[in-house]
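Trainee: I would like a close look at one part of this model, the interface between its chains. Please take it step by step.

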Protein chains: 2
Amino acid sequence: MRAPLGQAFLAIKLVGILALSTAAARAADPLPSWNDGKAKQSIIQFVAKVTTEGTADSVPPAERIAVFDNDGTLWAEQPMYFQFAFALDRVKALAPQHPEWKDKEPFASLLRGDVKGALAGGEPAIVQIVMATHAGMTTEEFDTIVRNWAASARHPKTGRLYTQMVYQPMLELLAYLRANGFKTFIVSGGGIEFMRPWTEKVYGIPPEQVVGSSIRTRLETRDGKPVLVRLPEIDFIDDKEGKPVGIHQYIGRRPIAAFGNSDGDLQMLQWTAAGSGERFCLYVHHTDAEREWAYDRQSSIGRLDKGLDEAKAQGWTVVSMKDDWNRIFPSGK
Amino acid sequence: MRAPLGQAFLAIKLVGILALSTAAARAADPLPSWNDGKAKQSIIQFVAKVTTEGTADSVPPAERIAVFDNDGTLWAEQPMYFQFAFALDRVKALAPQHPEWKDKEPFASLLRGDVKGALAGGEPAIVQIVMATHAGMTTEEFDTIVRNWAASARHPKTGRLYTQMVYQPMLELLAYLRANGFKTFIVSGGGIEFMRPWTEKVYGIPPEQVVGSSIRTRLETRDGKPVLVRLPEIDFIDDKEGKPVGIHQYIGRRPIAAFGNSDGDLQMLQWTAAGSGERFCLYVHHTDAEREWAYDRQSSIGRLDKGLDEAKAQGWTVVSMKDDWNRIFPSGK
């Protein structure tokens, strides 16, 4: 029985070696949720270029600024922007304190569950909903409201926490860039104070590296302590032409890499691309109706139309979620 | 001759040991320009407290946010705010393109060298001077203008570059805090884009950690490239009540340490102090008429009046430049 036992040992040994080398290969791949292909290659090539010292393309770490849109780029945005879902939840929570809402649009429609009816009022209706739910409290109170919501509210389709509806490949990309000396920023049309309470935990991006839309605040004294009160006045809209403005205002230098998914990100990508030296621009294209959603030129949420043309013209990387990502969300397929 | 030679060797050896231990002591002192005393002690004790892990006072590195005023706290501000000296230099440089300034206040007075006369027009005059010199160009053009000025303009009293009129003890403090895991930010009433071009080199503070007053910018296309144009409209005044607003807007979390020198910093220090857990607030008090300037309650520049009372009432650290600093500027005494 010696020989078979020996063979068995040898087989075990070989399996072990194979398992080890697969693990090593996996450990060596910083982007395991990205299928091998042009998109993944373009990222790795860009990072290698700017981080190889002593070459013409090399960029010092302090200037390795990467900016990411949030809605549709780092987390999902269907069937509605998650911040709008937050606002709707807040309208319901606040309704008992506002009996007048029963007869007042857009709140009356919302409280009947008729989102379309509420939005018939257009932008003024949206502003009313945002201000009623995002202003009137201190910054600390709003922080708590957002934290509680993020810890409990669930997506209508998947039943997951919204913060679990982030894209696993993008989490890997963020970590990969940071491991290569990049400083990663969010530059989103979403509310800056709606994102900051959870971006550090979810994306590893601290509050001071989050740029977004904002309402004004004012310093007041309450119970002998200074507080900042959130006012129902728009301060800054960090979308489209606003994105380069926000980047300049908050970051103060031009990114060398930019990641977006919609026409709202186009100016940010163009601003990034217009700098001198090696640059990287990437669009996430929502092409996976099965595992996520498929939409682009015709969508009212996250429309990607002009951006798709510009990406082609400029040779930017376009990620097909269906083809380039072997996994979409951290849990599940 | 043996014994004397032996003694000489011994003496050389002793001198060597002494020199070494002095060097070691110097290397061990992170704040060599600070005299031993209450101010220095309070800084070191605070840093030890928040960085000693496993204690109630311990603060995780991500939350070790320290904010510094600039004018009068990190660099001098007499006989006028350096940014105002920049504006005056720009008025002179731009005068040939503005023949109408010869008969138009406040420019006419300025061009005659009569600063007092120009400032007789009050705030509207100052705004006119600022807008004429800080707006109307792209952000890249303004960056170049500031860099060139910082590399060449000299202080009227000392003849040094303005960027050499920074406080050596504060440079040591910045480095000491960063070595202890702090993230250091500037929060200044000065213009954010006036500071960013040189703060990284001079203070080790990158552009994205600079908060200041700002004018609006707008995205335009010039020669087929996107540019940001600086508009003659105030966006944000980062002074007094504005400092907590700016801290919240740009940094998104409350600092645990704040450093200022005037009543314009009072709300920033109060905002910092009002957080829970260990906090540190420090005022630089200009008490050295010989090596720097001496001014406080009566000064129109950098007035420190209410702040001095509040510091006493709250037990904040007050640095006397004359007594607590053995060196003021990096070069010279």
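Trainee: How many residues of chain B are in contact with chain A?

Mentor: This is a predicted model, in which local features need pLDDT of at least 70 and side-chain atom pairs count only at pLDDT 80 or more, while totals for chains, interfaces and linings use all residues. Residues are numbered from 1 along each chain as its sequence is written, chains are lettered from A in the order in which they are written, and side-chain values use heavy atoms, without hydrogens and water.

In chain B, 36 residues are in contact with 36 residues of chain A (contact means heavy atoms within 4.5 Å). By class, the chain B side has 16 nonpolar, eight polar and 12 charged residues; Asp, Glu, Lys and Arg count as charged, Ala, Val, Leu, Ile, Met, Phe, Trp, Tyr, Cys and Pro as nonpolar, and the others, Gly among them, as polar.

About 3000 Å² is buried between the chains, 51% of it from carbon and sulfur atoms; buried area is the accessible area (1.4 Å probe) that two parts lose on being put together, summed over both. Glu208(B), His248(B) and Gln249(B) lose the most area in chain B, together 20% of what that side buries.

The rule finds eight salt bridges across the interface, a salt bridge being a side-chain nitrogen of Lys or Arg within 4 Å of a carboxyl oxygen of Asp or Glu. Glu140(B) forms a salt bridge with Arg254(A), with the closest N and O atoms 3.1 Å apart.
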